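Look at the sequence and the model side by side. The paragraphs below start with the whole chain and then move to single residues.

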Amino acid sequence: MCAGGSAGKKRVLAKERLTELVEQHGPGEVLPPERVLAEQFGVSRPTLRTALAELARAGLVVRQRGRGTFTTARSTAPEFVPAVHDSILSPAAEGEWTSRVLRFESVPAGARLGQRLQVSPATEVLRVTRLQLVGTEPMALERLRLPLLLVPDLTARDLEVGSFYRLLRMRYGITVADAVQTIESTVVDPVEAESLTVPPYSPALLCERVTRDGEGRVVELARSVHRGDRYRITSRLTFGQQG
């Protein structure tokens, strides 16, 4: 029992360290060899391979036999823009929303994350993981990346109460102007499954959002995994005059 728990913790740690490493690399770059990473993280190679496999399933890396492990390149899928006036991702059950912060730390952006946030690799960013609940039921696991210079005194408690966008406006004078959000199907990995209280590899919705203020600055990069059994997507469509 204890050995299994220790192995599980090491796998979770390896996955977190690998995710951080991916964020520090540009798209399509090769990661260090498994042997080097295992020694660096203090885990066995089988444990490291399991963590790499989970990142591959999440689409963060690509493993090529005989060549190594690469960060994923930018998606080449064509963008489809329907005549959508509004689209809402909402929980299928009503209730009071709350959040619980699981991780809150400041780290250098690195190459890949810096590129997405449009800051230098050395710029400090807040890396936050929070669990969103309706009542007592976990609904989504959200990972936020925020430029620290925009929110210098932000605390974990600030992200557990009230509206974050309202806080940006009232405390920092930052008004959110627009965002680009993508939604796609995925499955939860064992770590996400434990937080969301669902079986590993259960269907889920992956939402990624880049939010900007009125000056065009990126103020938030969010990646959320939503339980597939608790959400629905509602879209309002508008059409031009028919010929």
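Among the contacts in the protein chain with a separation of 6 or more, 61% are between residues 24 or more positions apart. The model is a predicted one. Its protein chain has 6 helices and 10 strands. Of the 243 residues, 39% count as buried. The accessible surface of the chain comes to about 13,800 Å², and carbon and sulfur atoms account for 54% of that surface.

How far can the prediction be trusted? The average pLDDT of the protein chain is 82, and 84% of the residues score at least 70. Over residues 74–88, however, the pLDDT is below 50. In the model this stretch has 18 contacts beyond near neighbours in sequence.

Next comes the interior. In soluble globular proteins, nonpolar side chains tend to be buried together. In this chain the largest nonpolar core has 16 residues, and V151, L154 and F164 are those with the most contacts inside it. At least two residues of this core come from each of β5 (124–134), β6 (137–147), α5 (164–172) and β9 (218–227). The largest share, 4 residues, is supplied by α5. Apart from this core lies another, of 14 residues, including A14, V43, L48 and V61.

Leaving aside neighbours within four places in sequence, L154 is in contact with F104, L126, L146, L159, F164, L167, R171 and Y172.

F164 also takes part in an aromatic pair. A pair of aromatic rings is described by the distance of the centres and the angle of the planes. The count for this model is 1 aromatic pair. The pair is formed by F164 and Y165, with 6.1 Å from centre to centre and 40° between the planes. Y165 has a relative accessible area of 31%, so Y165 is partly exposed.

D158 lies in the loop between β6 and α5. Is D158 buried or exposed? With a relative accessibility of 15%, D158 counts as buried. A polar atom of the D158 side chain lies 3.0 Å from the backbone nitrogen of T155. Not counting residues up to four places away in sequence, D158 touches D153, L167 and R171. L167 and R171 are also among the contacts of L154.

At 42% relative accessibility, G135 counts as partly exposed. Which residues does G135 touch, not counting those up to four places away in sequence? They are E96 and T98. G135 and E96 are 39 residues apart along the chain, yet their C-alpha atoms are separated by 5.4 Å.

The last stop is helix α4, residues 110–117. Its buried residues are G110, R112, L113, G114 and L117. An α-helix has 3.6 residues a turn, so residues three or four places apart point the same way. After α4 comes Q118, whose phi is positive, near 60°.

Methods:
Residues numbered from 1 in each chain as written. Predicted model: local features only at pLDDT ≥ 70, side-chain atom pairs only at ≥ 80, totals over all residues. Heavy atoms only, no water. Buried < 20%, exposed > 50% of the residue type's maximum accessible area, 1.4 Å probe, protein only. Contact = heavy atoms within 4.5 Å. Areas by Shrake-Rupley, 256 points an atom, 1.4 Å probe, with all protein chains shown as cover. pLDDT = per-residue confidence, 0-100. Core = buried A, V, L, I, M, F, W, Y, C linked by side-chain atoms within 4.5 Å. Phe/Tyr/Trp six-rings, centres within 6.5 Å; stacked < 30°, edge-to-face > 60°. Polar contact = N/O pair within 3.5 Å; in protein donor to acceptor, adjacent residues only side chain to side chain.
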